[in-house]
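This report goes through selected local features of one protein chain. Please keep the sequence and the structure in view while reading.

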Amino acid sequence: MPKQVAIFDMDGLFVDSERIYAEGWKQGFKEYGIRVPEGFVESLTGQSSTSNDAKIISLLKDSELAKKIRVVREQYYQEKLKNSEIKLGKFAKELAEILKDKGFKVILASSSTRKRIDELLSQNNASDVFDAIVCADQVRNLKPAPDIYLAALDCFKTNSEDAIAFEDTIVGATAAVKAGIDVCLVSELLYRQQLKHDHDQCLGLFRDLEEAYNYLEANQVC
C-alpha cells in the first residue's frame, strides 16, 4: 500500500555532512597528537553532539582536551561551509521532489540543531524542499530514541504505517523502527560491509537513494 509521508535524515543522507564531520574529528585528534582506536571516529557517525562529547571524554579522560578537539572540528566544518564544499547527497533533492509530486508530505527529521539545518539547506538551495522540519531543539531524547520520528508523524497527524523513513545509520534506523515506521537503510559503506538487517520494518540496505526509490516504486510503496 502506498505511503503518504516520507521522512529524511539529514547528516550523511540528505546532506553529505558526516564525511566532513569525520574529517574534522580526525583533524582535531591529529592537531593534539592523539591516536584513537581504529573505527572510533566512525563510531561518532549519526550520534548527537552530547553523545559524541561523552565518548571522547571517556576515551581521553580529559574534558578540556575534548572541548579543544571539538573546537577544531567545528572550525573545520565552518571552513568547508564557507567554501561551499558541503553538498547534498546523491539523488536526495531529486527524490524529495519526486515524492512531493506523487502527493507525499516530505519531512526532515534530524538530530542537528535548526541553525545547522537551515545553513546547510540554504547553501544548497534546498530550504523550500521540506513541508516540515523536526530537529534536536524540539525533542527531549535524540536518536536512537524514537522522539524525533514521533514528532515528525505528529506534524501531519500521520499513522506510523503510512510513513517511510530514509536513514544512513543503524542509530537512525533504530529510531524509525522504534516509532513503528518502515525504513530504508541507505549507506554505501554499510552496503559494502553487507550488514545484516533482520528487523521486518527495515525494508532493505541500499547503496544510494536512487536504488532505494527504485525498490519502493517496484513494490508499490510509493
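The sections below cover salt bridges, surface charge, backbone geometry and contacts in loops.

## Basis

The model is predicted, and local features are reported here for residues with a pLDDT of at least 70. For pairs of side-chain atoms, the threshold is a pLDDT of 80 or more.

Side chains of opposite charge can pair when their charged atoms come close. In this model the count comes to 18 salt bridges. A network of such bridges links Arg73, Glu74, Lys115, Arg116 and Glu119.

Glu119 takes part in two pairings described here. With Lys115, Glu119 forms a salt bridge in which the closest N and O atoms are 3.6 Å apart. Lys115 and Glu119 are 4 residues apart in helix H5, so about one helical turn separates them. The side chain of Glu119 also meets that of Arg116 in a salt bridge, at 3.4 Å from N to O. Here the spacing in helix H5 is 3 residues, which again means a separation of about one helical turn.

Lys115 counts as exposed because its relative accessibility, 59%, is over the 50% cut-off. Glu119 counts as buried, since its value of 17% is under 20%. Arg116 is buried, as is Glu119.

Lys100 and Asp131 form a salt bridge, with 3.9 Å between the closest N and O atoms. This pair links distant parts of the chain: Lys100 is in helix H4, Asp131 is in the loop between H5 and S3, and the two are 31 residues apart. Lys100 is partly exposed, at 29% relative accessibility. Asp131 is partly exposed too, with a relative accessible area of 33%.

## Negative charge on the surface

Where does negative charge gather on the surface? A patch is formed by Glu94, Glu97, Asp101 and Glu210. Helix H4 (residues 92–101) supplies the largest share of this patch, 3 residues.

Asp101 is one of the patch members and lies in helix H4. Its relative accessible area of 71% is over 50%, and therefore Asp101 is classed as exposed.

## Backbone geometry in loops

The peptide bond joining Lys143 and Pro144 is cis, with omega of about 15°. Pro144 is located in the loop between strand S3 (132–134) and helix H6 (147–155).

Two residues other than glycine have a positive phi: Ser84, near 55°, and Asn125, at about 55°. Ser84 belongs to the loop between helix H3 (63–82) and H4, whereas Asn125 is in the loop between helix H5 (114–123) and S3. At 33% relative accessibility, Ser84 is partly exposed. Asn125 has a relative accessible area of 63% and is exposed.

## Buried loop residues and their contacts

Is Ser110 buried or exposed? Ser110 sits in the loop between strand S2 (105–109) and H5, and it is buried because a relative accessibility of 1% is under the 20% cut-off. A polar atom of the Ser110 side chain lies 2.9 Å from the backbone nitrogen of Ser112.

Gly46 is in the loop between helix H1 (18–31) and helix H2 (49–60). With 15% relative accessibility, Gly46 counts as buried.

Thr169 is found in the loop between strand S4 (163–167) and helix H7 (170–178). Thr169 is buried, with a relative accessible area of 10%. From Thr169 to Leu190 the C-alpha to C-alpha distance is 8.3 Å, while their separation in sequence is 21 residues.

Notes: Residues are numbered from 1 along each chain as its sequence is written. Side-chain values use heavy atoms; hydrogens and water are left out. Patches are made of residues with over 30% relative accessible area and no salt bridge: like charges are joined within 9 Å, nonpolar side chains (Val, Leu, Ile, Met, Phe, Trp, Tyr) within 5 Å. Accessible areas come from the Shrake-Rupley method with a 1.4 Å probe; for residues, only the protein chains shown count as cover. A salt bridge is a side-chain nitrogen of Lys or Arg within 4 Å of a carboxyl oxygen of Asp or Glu. Lys and Arg count as positive and Asp and Glu as negative; His and the chain ends are not counted. The place of a charge is taken as NZ of Lys, CZ of Arg, CG of Asp or CD of Glu. Buried means under 20% relative accessible area, exposed over 50%, partly exposed in between (1.4 Å probe, protein chains only). A polar contact is a pair of N or O atoms within 3.5 Å; within protein, one must be able to donate a hydrogen and the other to accept it, and residues adjacent in sequence count only if both atoms are side-chain atoms.
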